[in-house]
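Trainee: I would like to learn how to read the features of a protein model. Could you take me through one, step by step?

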Amino acid sequence: MTDMGGDRVEEAVASCATLLRAAAGRDWEGTRAGRLEWSCRRTAEHVASDLIAYAGQLAGRAKTAYVPFEITLDEGTGPAGVVQVIETTGALLAAAVRTTPREVRAFHPYPFRSANREGFAAMGVAEVLLHTHDIAEGFGLPYEPPTGLCTWVLARIFPHVRPEPGAPWRTLLWATGRGDLPGREAVTGWRWNNNLVIGTERLTLQGVSPAAAADLRAGGTGGFEWIEGGPFHGTRDAAGSVVNAYEKGVHRPEWGMFVLVRREDGLAVGAIGFHGVPDDEGRAEVGYDLAENARGRGYATEALRALAETALARDDVKLLFAAIEQENAPSQRVVARAGFTRAGEEVERVAHELHGLEPSLRLYSREA
């Protein structure tokens with residue numbers, strides 16, 4: 001998983017440029033771009049503005065505010081000039097993505113107030129593909145971007161959307177209110193979804209996208225640099241659960257998996273997360289896993305405490321529980337230090353019934 005998005009940005013821009021050149025003889029100012037209120041020319045200006053804005057966020061390491069860029073083409077700029085501006089701003093974003101360190105995050109409002117280089121690349125690709133579609137629709141021209149690009153975008157910033165088998169472009173259009181899919185209600189409002197990051201004193205808990213999870217399940221790194229001996233097999237198993245939930249359309253990023261990254265050196269040391277969304281009573285199961293070389297340093301306790309505090313601060317969460325083997329004394333000490341206590345008989349009974357837990361597992365819980 002070496003491509004963090006620079007190549008994808010360039011591929012999307014090339015797809016856009018091909019379509020725009022095919023419309024060179026059309027009325028850009030007087031033609032509305034599909035369902036948008038903008039003209040095709042204004043839509044093209046918007047694409048360029050987004051590309052350079054995303055590049056600026058990464059290059060400037062903007063942490064608390066969105067740096068505004070608004071490109072307005074000079075009067076008399078023809079279609080060839082429009083294409084050149086989009087290609088140039090796309091090249092700037094691709095360069096920013098390639099030169100930004102993996103751990104850098106910059107401000108973006110939706111939904112968790114920041115994004116990494118891959119997130120900005122995916123947002124840039126989405127803007128290019130979707131607005132090229134709008135322009136093509138306005139001009140009555142056929143347009144379908146490369147399938148791989150659509151799949152790439154969906155698995156990174158639309159983790160909550162079930163991909164339609166064999167139809168990633170139609171899925172992306174549906175998810176953004178631009179098309180229909182059989183058996184699904186029309187989308188009238190939407191946001192993409194960058195990964196959630198939770199910080200602690202020594203770690204960052206970085207939400208794992210379905211794309212990263214698929215790579216981990218297949219034996220890759222998920223885009224992380226791991227401590228020697230990592231990731232442990234439990235992390236790969238959990239990644240497989242994320243992929244399965246995504247393919248079924250039930251994955252919710254804030255209730256998914258997080259990789260534990262050490263602040264001092266940027267190395268991933270383990271993973272933590274939930275076994276799914278809370279049930280109707282506001283109960284959710286947590287689990288964690290550390291590479292062997294990272295154990296005994298308090299990382300699991302620190303991560304579990306932060307994850308629990310974040311989850312229990314929500315109105316829809318009443319209780320968290322962890323199921324631990326009776327002979328796993330180190331893990332029992334972890335949950336105890338993170339504020340969990342041995343669950344009562346009723347909580348244990350319900351958890352075993354609803355979640356199909358092995359009777360031999362001991363349950364520990366923490367309430368809001």
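Mentor: Let us begin with burial: Thr 235 is buried, with a relative accessible area of 1%. Buried means under 20% relative accessible area, exposed means over 50%, and partly exposed lies in between (1.4 Å probe, protein chains only). Before going on, note that this is a predicted model, where local features need pLDDT of at least 70 and side-chain atom pairs count only at pLDDT 80 or more, while totals for chains, interfaces and linings use all residues. Residues are numbered from 1 along each chain as its sequence is written, and side-chain values use heavy atoms, with hydrogens and water left out.

Trainee: Where is Thr 235 found, and which residues is it in contact with, leaving aside neighbours within four places in sequence?

Mentor: Contact means heavy atoms within 4.5 Å. Leaving aside those neighbours, Thr 235 touches Trp 226, Met 257, Gly 270, Ala 271 and Asp 289. Thr 235 belongs to helix 8 (residues 233–248). Helices (H or I, at least four residues) and strands (E, at least two) are DSSP runs, numbered from the N terminus.

Trainee: How many residues of helix 7 are buried, and what covers them?

Mentor: In helix 7 (residues 210–217), 6 of the 8 residues are buried, so this helix is largely enclosed by the rest of the structure. The buried ones are Pro 210, Ala 211, Ala 212, Ala 213, Asp 215 and Leu 216. Their cover includes helix 5, helix 8 and strand 3 (257–262). Just after helix 7, Gly 219 takes a positive phi of about 100°.

Trainee: And how many residues of helix 5 are buried?

Mentor: Helix 5 is mostly covered, with 8 of its 11 residues buried. Among them are Trp 152, Leu 154 and Arg 156. The cover over the buried residues of helix 5 includes helix 1, helix 4, helix 6, helix 7 and helix 8.

Trainee: Now helix packing. At what angle do helix 2 and helix 3 pack?

Mentor: Axes are lines fitted to C-alpha atoms, for helices over the stretch in contact, and angles run from 0 to 180 degrees between N-to-C directions. Angles under 35 degrees count as roughly parallel, over 145 as roughly antiparallel, 65 to 115 as roughly perpendicular and the rest as oblique. Helix 2 (residues 40–60) and helix 3 (residues 79–99) pack at about 20°, with axes 8 Å apart. They are therefore roughly parallel to each other. The residues making this contact include Ala 44, Leu 51 and Ala 55 of helix 2 and Ile 86, Leu 93 and Val 97 of helix 3.

Trainee: How does helix 1 pack against helix 3?

Mentor: Helix 1 (residues 6–22) and helix 3 pack at an angle of about 175°, their axes 8 Å apart. That makes helix 1 roughly antiparallel to helix 3. Among the residues that meet are Val 13, Ala 17 and Leu 20 in helix 1, and Ile 86, Gly 90 and Leu 93 in helix 3.

Trainee: Let us turn to rings. How many aromatic pairs are there?

Mentor: Rings of Phe, Tyr and Trp (its six-membered ring) pair if their centres lie within 6.5 Å; planes under 30 degrees apart count as stacked, over 60 as edge-to-face and the rest as tilted. A search of the whole structure gives 7 aromatic pairs. Tyr 143 and Trp 169 form an edge-to-face pair, at 5.9 Å centre to centre and 90° between the planes. Tyr 143 lies in the loop between helix 4 (117–139) and helix 5 (147–157) and Trp 169 in helix 6 (residues 168–175), so the pair ties together parts that are 26 residues apart in sequence. Tyr 143 and Trp 169 are both buried.

Trainee: Which residues do ring pairs link into a cluster?

Mentor: The cluster is made of Phe 158, Trp 190 and Trp 192. Trp 190 is partly exposed, at 31% relative accessible area, whereas Trp 192 counts as buried at 8%.

Trainee: Last, where is a charge over a ring?

Mentor: The rule asks for NZ of Lys or CZ of Arg within 6 Å of the ring centre and within 35 degrees of the ring normal. The charged end of Arg 42 sits over the ring of Trp 38, 5.0 Å from its centre. Arg 295 lies over the face of Phe 232, at 4.4 Å from the ring centre.
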